[in-house]
Each structure stands twice: as structure tokens, then as C-alpha cells.
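Dear colleague,

Please find below the structure I promised to hand over, together with its sequence.

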Amino acid sequence: MKYYVGVDLGTSSLKLILCDGDGKVINTLTNEYSVSYPHSGWSEQYAEDWWNALCDGLPRLLSGISPQDVAGLGVAGQMHGLVILDECDNVIRPVILWNDGRTFKETDYLNDVIGKDKLSTYTANIAFAGFTAPKIMWVKNNEHDNFNKISKIMLPKDYLNFMLTGVHACDYSDASGMLLLDVKNKCWSSEMLDICGITEKQMPKLFESYEVIGKVKPDIAHKLGLSSDTVVVAGAGDNAAAAIGTATTGEGRCNISLGTSGTIFISSDKFGVDENNALHSFCHADGGYHLMGCILSAASCHKWLCDKVLCNKDYTALEKEIDVDLLGKNEVYFLPYLMGERSPLNDTDATGMFIGLRPDTTRSQMLLSVLEGVSFAIRDNLEVAKSLGIDVKSSCLCGGGAKSPLWRTILANVLNVQLNIPVAEEGPGYGSVILSMVGAGAYNSVKDAADTLVKTKETVIPDAALSSLYEERYNKFKKIYPAVKGLYKDIKE
């Protein structure tokens, strides 16, 4: 029996999954690490924490498994993070993460001075504060010594792949979120590299997500319980990998993820661009393309309210306090912009807020408003897709938030879309396993593998009456941000 390892390099933890050749989950393991917030709106991590988490977790994940039986390994990772290496391949500074908002000046320069039309021509996207290119420019503008030391620019999951294989590699799906890739033609954009003051030599080699970049180095293989014959595939950005893990491949399929961030992901065989660039136009891990909307705070809003405000980490008990008769009738609204917002607002100044609080407001109403607010924000992105003529009638659902039956019900009715819950709720990790299977030769294509291995265990069907109530509430929700937008800069200053 051959085995395959999937790695999900998340924002708060590294998740490992071991599957057999039939796609059955044999073992899982999670190692947590911290996020640093050195200034308001900043978000950083240490790359060595990721590697240490992998080195600690893999031997335990593989306990009892012969190294020679581990055929392939794939890594999915949080996107956009800036990992910079010097000429000795040492990490130069803490990694600036995807949800870091420090680059608002660089983002404004790219969008307003270089111009959104040019950016869209070069990369099929416009600048968002979380993207990698603005981060490179920030380092150039604020940390000259560090910028001058840069020998290689990488993304988070690529750092783990480098440590495993010694190869500087990146896949097209993850590279799409750097604002440095010519997405349509699948190559580095020379114009964007020039704008950022870097060269193609400083960039990693590009691969399809399922392509093998190398094998595990012998010394590392011995340390981790792998074989030096274990192949490592290029892997994928977490959202693309999660889509693979829910069989969202080919033309017109949809996946929604409720992780730390939230995404709506629509796959396509053909390259396409939203003319307003409200949705990202990226390469997909199956070799095709996809449109994606991303909200920066999803399950993290739920965690923030419970942990920091209510000081209660018994999430299940808190949700059980919510009367289902309150669904669609809650007077409290929540804007889930704790880290600013990306799609479709592109506003780094936006913050979270409650509106509708009264003396008799309960914590259940506040918690419900958070679940609803995140769902409404995802609906904002679905509305953009609808404006492009895309008719989403059903979607897969994954991520930590998908484990909540209440949240599943709310989301299905806010979107008025059927939600399919996969048997393996491992998200990006399971997608990474599928990619590694293709790389190791177990399947001929990602679509074949995903369609064979991914099964649905539950379907959530919207209720017509509840969807009607949420339609009315959404129409009120979408008026709040435009009404308060002008206040954000004033509050910040």
C-alpha cells in the first residue's frame, strides 16, 4: 500500500494529513504557532516556526508507516506572504502575511499611479494590500538593507518545499496572488518585476501544482520518516488546494471556504477577467483558471468574538444558545472587516463594527450577527459573479467554519445556494494529497483524481421562507458599508 501526505500551512497552525491510495484518511495532526502583530494592521510570522512544526509533526503522523511506502507529498499554504532569502538561503526578516495591511501606500501607488488598467493587462488583477508585490515595494521603501540582500523571493508553502527538496519553486495558483504573474500566459510579468525593482533571477521556477519539483533530500527524509524517493509536487495556494479537495475542478464548479479568511472560488477551463477586478483572476491547481473572491476575516471573526470579547472558547455551547427562530430576524448587524477588506471592497481602512445594539441585546444576537455578517460578505462576492452571468446553484463548503451546522444553515439561506459538505473535511490538506497522487503517477489528471476520491456526506438545502428573510436582511446589510466608508480614514487619522 502506498501512502500520501498533505500539508496545509495555515495562518494559525500547520495541519498534516496522511491518506492511503484509496484516498482514505489514515491520520491527521495539527501543530499550532503564533502570529505577531508588531503594529496596528501588521501581521507577521517566523518561517522557522513552520519548518519546526513540520519537523515535529511528520514523524508522529507517519508513526508505524514504512518510509518506502510514502510515495508523494504536497504542500498547500496561506497565500501572498513575503518570504525573502539571502544568497545563503537564510530568511532575511519575519514573513509579512496575507492579512497585513501596512502596504496601503504602495497599493495606492500601484492602482492610482501605475494604474489599474495596466496592472490588469500585466497580471489580470489589480493591487490589494495583501498581495506580495506591494510588500516587496514596502521593504524596498522602508528596509533598504533587507531589500538589497534579497536573493530569492518565495511564498510560504514554497519555503517548506525548498527545505524539503532544495529547489526554489512556485506553482501557478499561488504565484497568481503575487501580482507578479502574467496569469493568462503563465509566466512572470517583466513589467511588474521592473516596477518592483526585482529580476526574474530572484523569482522561483514555475510549475503546475501537480508537477514534481524534486524528491526529499536524503538527510531530511531520514529525519522526517520519509524516503529519498518520496516525490514532492509544487503544491498550491490554500484556496486552490481546498477547491481540489472538494472536486471543484473544470468548468463552472464552485467552492466556498470558511477558514481564517473566507473565499468563494469558481473554476473554469478558460482564462477570464472580471472587468472591474472585484474578483481575482487566478490560475487553478488543476491546470485551468478560476475566479475568486476573498474576505480577509471569516472564522477569525467568530474566534475573536468568542475568545477576546465573550472570553468563552466553548464554541458549540455558545451556538446552542442561539434560538433558531431568531434566524433571519436578528436586529444586530456586523461588518466583518477586522483586518480591512479585500473582495470586493479593496479597503484597507475598513474595520469591524456592530450596528443595531440595544440595552436588551444578548450575546447570542451578537454571535449570530457575526455568523450572518461573514455570510453577507461572501454574498457580496457572489453578487459580482452573478453580474458576470455566472449562475451558482450549488457549491461545496469547507474550512473550520463549515463544521458548524448553524453556520452552514445560515450561509445556505443567505446565498440561496445548495451546499455540499465533503466526507473528508480536510480542505487544502486533502487537495494537497490529491495533487501528490497525480505527481506520483497514481492518476492521470487532477480532475480524474478529485472526481474519484471526493465524496459528499451531507447536503444543506436552503429553505424558501428563510432565504426570503435573509434576502431582506442582506439588502439592509449592503447599505451599511457605503454609509460609513468615509468615516474609516477619519478614525484612522
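Predicted model: local features only at pLDDT ≥ 70, side-chain atom pairs only at ≥ 80, totals over all residues.

I begin with helix 12 (residues 363–387) and helix 13 (residues 405–415), whose axes come within 9 Å and cross at roughly 40°. That angle makes helix 12 oblique to helix 13, and the crossing of helix 12 and helix 13 is right-handed. On the side of helix 12 the contact is made by Leu368, Leu371, Glu372, Val374, Ser375, Phe376, Ile378, Arg379 and Leu382, which meet Leu406, Trp407, Ile410, Leu411, Val414 and Leu415 of helix 13. Sorted by class, the residues of this contact between helix 12 and helix 13 comprise 12 nonpolar, 1 polar and 2 charged.

Helix 13 also packs against helix 16 (residues 464–477), and here the axes come within 7 Å and cross at roughly 70°, which makes helix 13 roughly perpendicular to helix 16. From helix 13, Thr409, Ile410, Asn413 and Val414 meet Leu466, Ser467 and Tyr470 in helix 16, and the contact of helix 13 with helix 16 has 4 nonpolar, 3 polar and no charged residues.

Turning to the aromatic residues, the count comes to 13 aromatic pairs. One of them is formed by Trp42 and Trp138, which are edge-to-face at 5.4 Å centre to centre, with 85° between the planes. This pair links distant parts of the chain, since Trp42 is in the loop between strand 3 (25–32) and strand 4 (44–45) while Trp138 is in helix 3 (residues 132–142), 96 residues apart. Both Trp42 and Trp138 are buried.

Another pair, Trp304 with Phe354, is stacked, at 6.3 Å centre to centre and 25° between the planes. It too links distant parts of the chain, with Trp304 in helix 10 (residues 299–309) and Phe354 in strand 21 (residues 353–355), 50 residues apart. Trp304 counts as partly exposed, because its relative accessibility is 28%.

Helix 3, which carries Trp138, is mostly covered, as 8 of its 11 residues are buried. The buried residues of helix 3 are Thr132, Ala133, Pro134, Lys135, Ile136, Met137, Trp138 and Val139, and what covers them includes strand 7 (95–96), helix 2 (104–123), helix 4 (144–149), strand 8 (152–154) and helix 7 (190–196).

Some backbone details remain. Most residues other than glycine have a negative phi, and most peptide bonds are trans. The peptide bond from Ser343 to Pro344, however, is cis, with omega near -10°, and Pro344 is found in the loop between strand 20 (333–335) and strand 21. His80, although not a glycine, has a positive phi of about 75°; it lies in the loop between strand 5 (70–77) and strand 6 (83–85), and His80 is buried, with a relative accessible area of 3%. Lys186, likewise not a glycine, has a positive phi of about 55°. Its place is in the loop between strand 10 (181–182) and strand 11 (187–188), where Lys186 is buried, with a relative accessible area of 17%.

With best regards

Key: Residues numbered from 1 in each chain as written. Heavy atoms only, no water. Axes fitted to C-alpha atoms, helices over the stretch in contact; angles between N-to-C directions. Helix = DSSP H or I, 4+ residues; strand = E, 2+ residues; numbered from the N terminus. Parallel < 35°, antiparallel > 145°, perpendicular 65-115°, else oblique. Left-handed = near helix turned anticlockwise from the far one by under 90°. Contact = heavy atoms within 4.5 Å. Nonpolar A, V, L, I, M, F, W, Y, C, P; charged D, E, K, R; others polar. Phe/Tyr/Trp six-rings, centres within 6.5 Å; stacked < 30°, edge-to-face > 60°. Buried < 20%, exposed > 50% of the residue type's maximum accessible area, 1.4 Å probe, protein only.
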